[in-house]
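Please keep the sequence and the structure in view while reading.

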Amino acid sequence: MAVQPLAVDIPASILRDVIELRRDIHAHPELGFEELRTSAIVARELRSLDYEVRTSIAQTGVVGVLRTGRPGRTVLLRADMDALPIEEQSGVPFASVAPGKMHACGHDAHVAILLGAARLVRERRDECCGTLVFCFQPAEEGKGGGKAMVEQGVLENPRVDAVYGLHVWSRLTPGVVAVRPGPIMASSDSIEITIRGKGGHGAAPHETVDAIVTSAHFITAVQSVVSRTIDPLQPAVITIGSIHSGTTHNVIPDEARLLGTVRAFDAGLRDEMPARIEGVLRGCCRAADASYDFQYDRRYPVTVNDAVESQYVRELAARTLGAANSVDLTPIMGAEDFSYMLERRPGCFFFLGAQPGLDGEPHHSARFKIDEAALENGVRMMTALALDAPRHPVQR
Ligand code: NI
């Protein structure tokens, strides 16, 4: 079957505004659930474009709805709005003016892209069908703004049939859209452990139960959960990122406190992780005569793309941006709270290449930058989804 191209031309004035807006938001970063300025800009713009606007969803979330009155699916397009607690060192002329805050993940670009698409869609309103939901969510960075939006009914009234979101990526060629069906980003859970021994003199270890030595055994042994008990073809990570114990050279402390993160790519494997980790902890503590507290907090789920929707987005990217700009995505061990929407509705989370030259810094780096040339294809892709996804008859 011949593939129908879907042209999305962006007037130079809209593109200029998108870049200007992205720079403005970049200069004024706001942390999760504090995106007051950003969400006010979003709401004002959506209102001026005549969208039906709802604000203060999950504190700072904003939704703009367009009901065309023509038959078709209800499609949600999502952008996250929050920045990170990082002191910016990128050297860009529009760097953060807020001390200790930075858009180091590209969410500034996501907001500008989706607002640009909302503007373009407004101009092409007569070509639209179904219902469009432009969703701007707070607090993606660890605080679960996406979950809060779902709990506050963003997928109902109108009832959403499919969800799409994009993430700029500093390690991908600018302008390419990268897609993959199935699991694309890991689950992210956190562990908090206290190992309790019996303190005493550093010269008399036999009179103590050494919480530090017990912790050291546990930290080493817990790595064998991944290397010895999980299928080598199944990605998983256990990282202990913090250890606190003791006060000085010659005192064996009573207890040690450990913090860690656990990642998996499969929901079933994720479910097994708490018991596997606690099993090692129990064994190490029993051998040493120590006791423990173990807390396992489930945070973001695995981000799983629907197979049919992913194939659709892959094809749509080729139709809109050309086949060379539609590529396969390599899975990413980071986590994403768009996963909460994808747990409830079919959809696709895809990546937009935005590598700034050959030395692109990773996301969450103080020197993180993007190539703004990527924004154009981002607007094209979100607009193409708005125009086409409501009429796409998905076969399941
Ligand atoms: Ni991000």
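β3 and α3 each supply at least two residues of the lining of the largest cavity. The model is a predicted one. Of the elements around this cavity, α3 gives the most, with three residues.

How many cavities of 30 Å³ or more does the structure hold? There is one, and the volume of the largest cavity is about 30 Å³. Empty space of this kind is found by rolling a probe the size of a water molecule over the atoms.

The second topic is the nickel ion. Its protein donors are C105 (SG), H107 (NE2) and H167 (NE2), at 2.2 to 2.3 Å from the ion. Along the sequence, these donor residues follow the spacing C-x1-H-x59-H. C105 sits in the loop between β3 (74–80) and α3 (107–123), while H167 belongs to strand β5 (residues 162–169), so this pair ties together parts that are 62 residues apart in sequence.

Are C105 and H167 buried or exposed?

| Residue | Relative accessible area | State |
|---|---|---|
| C105 | 7% | buried |
| H167 | 3% | buried |

Both residues count as buried because their relative accessible areas, 7% for C105 and 3% for H167, fall under 20%.

Technical notes:
Residues numbered from 1 in each chain as written. Predicted model: local features only at pLDDT ≥ 70, side-chain atom pairs only at ≥ 80, totals over all residues. Heavy atoms only, no water. Donors = N, O, S within 2.8 Å, 3.2 Å for Na, K, Ca; no water. Helix = DSSP H or I, 4+ residues; strand = E, 2+ residues; numbered from the N terminus. Buried < 20%, exposed > 50% of the residue type's maximum accessible area, 1.4 Å probe, protein only. 1 Å grid on protein atoms, 1.4 Å probe; cavity = no way out; pocket = protein on both sides within 12 Å on 5 of 7 lines; lining within 4 Å. Points joined across faces, edges and corners; volume = space filled by probe spheres on them.
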